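Please read this briefing alongside the sequence and the three-dimensional view. It begins with overall dimensions and then moves to single elements and residues.

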Amino acid sequence: MAGFRGAQGNLRLENVTKEFTDFLAVDDLSLEVPRGSFFALLGPSGCGKTTTLRMVAGLEQPTTGRVFIGDTDLTGSRPYERPVNTVFQSYALFPHLTIRENVAFGPKRRKQKDALKLADEALELVQMTQFAGRKPAQLSGGQQQRVACARALVNHPEVLLLDEPLGALDLKLRREMQVELKRIQTEVGLTFVHVTHDQEEAMTMADTVAVMNQGRIEQMGPPEVLYDLPKTKFVANFVGQSNMGEGKITGTDGDFLVAEVYGSTVRIRKDRTTVQSGNLVFGVRPEKVKVSRNKPEGIGNDVRGIVKDVSFIGVATSYLLEMPSGTTWSVYEQNLDLDRIDLKPGDEAWMIWDAGHAFGVEIEGEQS
Amino acid sequence: MSTVQSTPPTQSTSSAGYKPSFLKRSQLWLASHFSIFAAVAVLLYLFLPVAYVFVFSFNDHGKTNIVWRSFTWKHWQDPCRVPGACDSLVVSLEVAIIATVVSCIIGTLMALALVRYQFRGKDASNMLIFVPMATPEIVMGASLLTIFVQGFANIGLDLGFWTIVIAHIMFCISFVVVTVRARILSLDPKIEEAAQDLYAGPLGTFWRVTFPLILPGVLGAAMLAFSLSFDDFIITNFVSGNESTFPKFVYVSAKRGIPAEANVIGFSMFVIAVLLVVGSQGISAWRKSKTA
Amino acid sequence: MSALAAHTPTPAPAGGDEFHTRRNGKMAFLLMLPGLLWLGLFFVLPLYQLFEVSLQSRYPGYPGYYYRDLNFHNYAQALTDYAPHFARSFGYAGLATFFAFVLAYPLAYAMAFKAGKWRGLMMICVIAPFFTSFILRTFAWSQILADEGFVVRFLNFFHLLPSEHIINTPVAVIAGLTYNFLPFMVLPIYASLERADARVIEAGGDLYANGFTTFRTVTLPMSMPGVLAGTLLTFIPAAGDFVNMELLGPQRGKMVGNVINDQFLTVPGGYPIAAALSFTLMAAILILVFLYVRRFGTEELV
């Protein structure tokens, strides 16, 4: 028993599957989170991310597969036997206990002698010392959130799980807490596993982001890589925005593949596509695209469209253009030029980009 | 009724000095206060018999205590003077205390299972808990009497104190389950998960988190069970044999005339109960104001 | 009583992939066991026994002795001999339920929307009379409604009473039933009104302007679960009651409860008929309840 609690090292999930009576929540999932890193599980609601988290916490048991911390197999052990603590989405503070008693709850259960002193230290870490004597109901959402963090952190868990901890906060507070959580993580140096459906939150906070969809990890990597080079159509859409169109690969040109999209010829670097022949989904990020009134000189990497909407946002101007196929592309252009291009809805315009920014992914349904 | 009709804004701005007629205003005032008057009237109606019980506890009555004759303190000085009055009160209190404790334990366990677990036969169990509340007391009393007389008497369980206790526990269970279940349903199950996550085992989780949180519901259920048991007459009348509870004592003596001592006891119970309720509410309010 | 008042439904926690109910059948069984045993042994089994008794036949010539039988004639006899008693039970209980509703609604409404800081005190006032033995209170009504009491004298002064009496008439019985079960009507209605959002009712006021229309189209439908629970909690005990009839009612023209009580406790050899009466009463009430439940769902009631 004590063995579980003493586990140290990377968090590792091996072929974990969780089936509920009526559906498959997590489907053969394997991943490794390096010790001391900030890891985010990103995905839409119902994608299995919370179930994954609960299996790490021990609140659910996997149907098949194993959960490790370091070399210790935690599969089958109870939540209270694991060196893992959770910050719940609803905070789940004990309403009948004061803030200090809430934080001291874990240390007391582990029979630590200076439980109250540890609690005070943890409250200091989250700057909640002056509220120690209050009951949870007397605190605001943001304050409760900090207490929930302190209550988990005070135990110095090997892995700290955060289940959409900022979901209930308003936008401003959420941004503040993101910075705060990141600071705390750097300060205590623990492994944080953060579950969220907010891609911006995942990208600003995490060292590594895993994008989950329908019980599987679609792609995993540092936020910038995920954004720059999505490997699936789902990731391209879920992490940031993408302009996409279906096309057909027609040939090669040195390091590039040549494809036909919306009647235009486009190029994709061979190492930026998961498809090397046949049909593919071509994509390029909105801020990588420029608009122009005239067809630019050169070798393609442009598409013609009709301007549907122009909105000036200050730092940038955003355009919506309708493609020949009927889909809408968006362009996000920084206002760097002195003379702005004067486009109005209904105008015809060309979109141009650097071939190096384009990416290609498989058409969904054609995946094996 | 709830909202007094607000005059349309256009009207009030165009004529700043507009005032509805006296008749109209009094009509509105009546409409918005009607429920308050009705409520006070109904509350007075609820208390009228209690007032009678109180007043007639001072009546120096003859054979029957129906008509007011003259004032006396004597019934208050020794309410136990009447044979059976205080004995039956003691029996009632004993029965109520045992029935409350046992039905609260049994009912709370059931409520926990019904909210926190998924199991086969849950619907049937819910039904079994609901039906006793929808069964007239007289039917429960009659059926218990037949089983006690024709069945359990053969194994040495004769009508008396313990058959009353058994019956009272039975009809209290459903009410306890319903009350406690409402409380458990209002709790976030994640709070228990948090306790487990923070190294509390199953027992630790129950005693340090679950139980303190459902305690108000259990106390409410206990109050309910106690008053149901203490005041029960119909079922008790069937299963009590020669044992007498306070309501049975009152009912039996009603045929000859209820002695004023019964009024003294009944009214005292009322005062004690109200003081307890007001006191506990006062304490919790005081505690809240202290921590705030 | 607070059972229904305390019932506050909680919205299901948000989030698609969260499961809170545990699937540990053994633990659930252990928790349920004592209660199921108790209810099985002292509710279901006695009812079965009662059912058996209701089909027993008497030994001719030995009053108080029966033998096991399938004598459905008991039911026929019970229904034909005591049909008027059933009619009175359901009629009086129905009227009492109606009057209790009329009295309870304004009180519950005032508690929910008008009472403000007095709410707690009003709640105590509704429950407090319970703490005086209900037989004492019912007996007090026999004093209040007695010929010498102020009610009868007042009404007689204006010649408003046809028979110049209230006590020992069905009117007194209905009055007693109404009074005894009034809190059972108030508390569930209050609970459902309190749960209803006062702002919705105000919005209704804005839309309809007329106070009565608001009440009819917005307030009343929102409190319907409470009204239904209250109706059942009043009607069921009232239909089975015999104490009010005994203390306040006439010598002749009793209710089913009185018959069952007398047949069981005073008439030798009355068991089978009394059991048949009990079963018929219970069946009639359960049918009514299930019609309600089928229309409006159990969760609000249980």
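Chain B has a radius of gyration of 26 Å, whereas a compact globule of 292 residues would have one near 19 Å; the radius is taken over C-alpha atoms, and the globule rule is 2.2 Å times the number of residues to the power 0.38. This is a predicted model, in which local features need pLDDT of at least 70 and side-chain atom pairs count only at pLDDT 80 or more, while totals for chains, interfaces and linings use all residues. Residues are numbered from 1 along each chain as its sequence is written, and chains are lettered from A and ligands numbered from 1 in the order in which they are written.

**Chain B as a whole**

- The C-alpha trace of chain B spans about 90 × 70 × 40 Å along its principal axes.
- Chain B contains 12 helices and zero strands, where helices (H or I, at least four residues) and strands (E, at least two) are DSSP runs numbered from the N terminus.
- Buried residues make up 46% of the 292 residues in chain B; a residue is buried if 20 or more other C-beta atoms lie within 10 Å of its own, exposed if 12 or fewer, and partly exposed in between, with C-beta atoms placed from the backbone.
- Of the contacts in chain B with a separation of 6 or more, 76% are between residues 24 or more positions apart, a contact being two residues whose C-beta atoms, placed from the backbone, lie within 7 Å.
- Chain B is divided into domain 1 (9-74) and domain 2 (83-258), with bounds that come from an automatic or database domain assignment, and the C-alpha centres of these two domains of chain B lie 36 Å apart.

**Helices H8 and H9 of chain B**

- Helix H8 (residues 189-197) of chain B is largely enclosed by the rest of the structure, because eight of its nine residues are buried; among them are Lys190(B), Glu192(B), Glu193(B) and Asp197(B).
- The cover over the buried residues of H8(B) includes helix H2 (49-57) and strand E6 (84-87) of chain A, together with helix H9 (202-231) of chain B.
- Just after H8(B), Tyr199(B) takes a positive phi of about 75 degrees.
- H9(B) has 30 residues, yet its end C-alpha atoms are only 38 Å apart, short of the 44 Å that a straight helix would reach at 1.5 Å a residue; the expected span is 1.5 Å times one less than the number of residues.
- H9(B) bends by about 50 degrees at Phe211(B), and a proline, Pro212(B), follows within four residues; the bend is the angle between axes fitted to the seven residues ending at a residue and the seven starting there.

**Contact between chains B and C**

- The contact takes 90 residues from chain B and 92 residues from chain C.
- Helix H2 (residues 25-54) of chain C supplies the largest share of the side of chain C that touches chain B, namely 19 residues.

**Chain A and Val193(A)**

- Chain A has nine helices and 20 strands, and 43% of its 368 residues count as buried.
- Domain 1 (2-228) and domain 2 (241-361) divide chain A, and their C-alpha centres lie 40 Å apart.
- Val193(A), in strand E8 (residues 191-196) of chain A, is buried, with 26 other C-beta atoms within 10 Å.
- Leaving aside neighbours within four places in sequence, the contacts of Val193(A) include Leu11(A), Val33(A), Phe39(A) and Leu161(A).
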